[in-house]
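Grab a pencil and keep the viewer open. Below are some exercises, each with a worked solution.

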Amino acid sequence: EFYQIDPKDSWVVAAAEKRMTEGRHAVAGISTGLLSLDAKVPGLAPGDLVLLAGRPGMGKTAVALDIAHSAALRGEGVAFDSLEMSQPQIRARLLADHLERLGHRLSFTAIDRRLIQPGDVEPLRRAADALDAMPLVIFDRGNRIDEIPAKIKEARRRLARIGRELKLYVLDYLGLVRPTDRYRGDRVREVGEMSAALKAMAKQEALPFLVLQQLSRANEARRDKR
């Protein structure tokens, strides 16, 4: 008796074949765009709930935006749901990242504060045009967990207009998500409920969910900081 591959699982077979032919950097699902990470983590697969965690100011948003940017550059549709930063701030960060990829260095702060020199104008215009053409949808409104399916539906609709398919959902970050009232006041249970809900959504939507979360600074006060 043979196991028949379900059509929904065909990406598993394709990924295995790709790793056999292309080596350890081939991934199942979405590549992070970071080769050293792809060598250790086999990509962001449909249905995965992947947590990117760190203390405040450690660069979680920068890494998540880099992963989203790399996926969009490959033509893979991305929904970036920011509960912390505004859409213009996210766009400024993406512009700075794209400019560096083009070989022109201009900081996020300079773009955000409009501190632009004459020599920056043309590269910035090219980066903005490239960003506009990418299959990347940015949300900066709504923080309830039950709003996420509607955002994904909207992202799919917007991407379909340009002939692209949604491949990745990024949430920045879990600590700002408003849970249901079921466990109001019990933060541990609220986070547990939200994690379970996000995992269920990832499976139902057949998308990898990349979710950011802040860790406590308490370890900084300990002698052993691991």
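**Exercise 1.** Which residues does E190 touch, not counting residues up to four places away in sequence?

*Solution.* Start with the ground rules: this is a predicted model, where local features need pLDDT of at least 70 and side-chain atom pairs count only at pLDDT 80 or more, while totals for chains, interfaces and linings use all residues. Residues are numbered from 1 along each chain as its sequence is written, and side-chain values use heavy atoms, with hydrogens and water left out.

Step 1: find E190 in helix α8, residues 187-205. (Helices are DSSP runs of H or I with at least four residues, strands are runs of E with at least two, and both are numbered from the N terminus.)
Step 2: look for contacts, meaning heavy atoms within 4.5 Å. E190 touches P179, Y183, R184 and G185.
Step 3: E190 has a relative accessible area of 9%, so it counts as buried (buried is under 20%, exposed is over 50%, partly exposed is in between, with a 1.4 Å probe and protein chains only).

**Exercise 2.** Work out what pattern of helices and strands the protein chain follows along the sequence.

*Solution.* Step 1: count the elements; there are eight helices and five strands.
Step 1: Of the 226 residues, 39% are buried. Take the contacts between residues at least 6 apart in sequence: 65% of them join residues at least 24 apart.

**Exercise 3.** Which residues have the most contacts inside the largest nonpolar core?

*Solution.* A nonpolar core is a set of buried Ala, Val, Leu, Ile, Met, Phe, Trp, Tyr and Cys residues joined through side-chain atoms within 4.5 Å. As background, nonpolar side chains tend to be buried together in soluble globular proteins.
Step 1: The largest core has 32 residues, and F80, I111, L136 and V170 have the most contacts inside it.
Step 2: see who contributes. α3 (60-73), β2 (77-82), α4, α5, α6, β3, β4 and β5 each supply at least two residues of this core.
Step 3: look around for a neighbour. Another core, of 21 residues, lies apart from it, and includes A79, I145, I152 and F209.
Step 4: zoom in on L136. Leaving aside neighbours within four places in sequence, L136 is in contact with A72, V78, F80, L94 and L159.

**Exercise 4.** Which element gives the most to the lining of the second largest pocket?

*Solution.* Step 1: define the pocket. On a 1 Å grid over the protein atoms alone, a pocket is an open set of points where a 1.4 Å probe fits, with protein on both sides within 12 Å along at least five of seven lines; lining residues have an atom within 4 Å of a point.
Step 1: list the lining, which includes Q87, R91, D132, L136, V137, I138 and R158.
Step 2: assign the elements. α4 (87-101), α6 (121-133), β3 (136-139) and α7 (148-160) each supply at least two lining residues, and β3 gives the most, with three.

**Exercise 5.** Where does A155 lie, and is it buried or exposed?

*Solution.* Step 1: go to helix α7, where A155 lies.
Step 1: read off the relative accessible area of A155, 0%, so the residue is buried.
Step 2: list the contacts beyond four places in sequence: A79, V137, F139 and L166.
Step 3: A155 and G77 are 78 residues apart in sequence and 8.6 Å apart in space, C-alpha to C-alpha.

**Exercise 6.** Which residues does the cis peptide bond join?

*Solution.* Most residues other than glycine have a negative phi, and most peptide bonds are trans.
Step 1: find the cis bond. It joins D172 and Y173, with omega about 0°; Y173 sits in the loop between β4 (166-172) and α8.
Step 2: check for positive phi. R114, not a glycine, has a phi of about 60°, and lies in the loop between α5 and α6. R114 has 63% relative accessibility, so it counts as exposed.
Step 3: do likewise for A206, also not a glycine, where phi is about 55°. A206 is in the loop between α8 and β5 (209-214), and is partly exposed at 47%.
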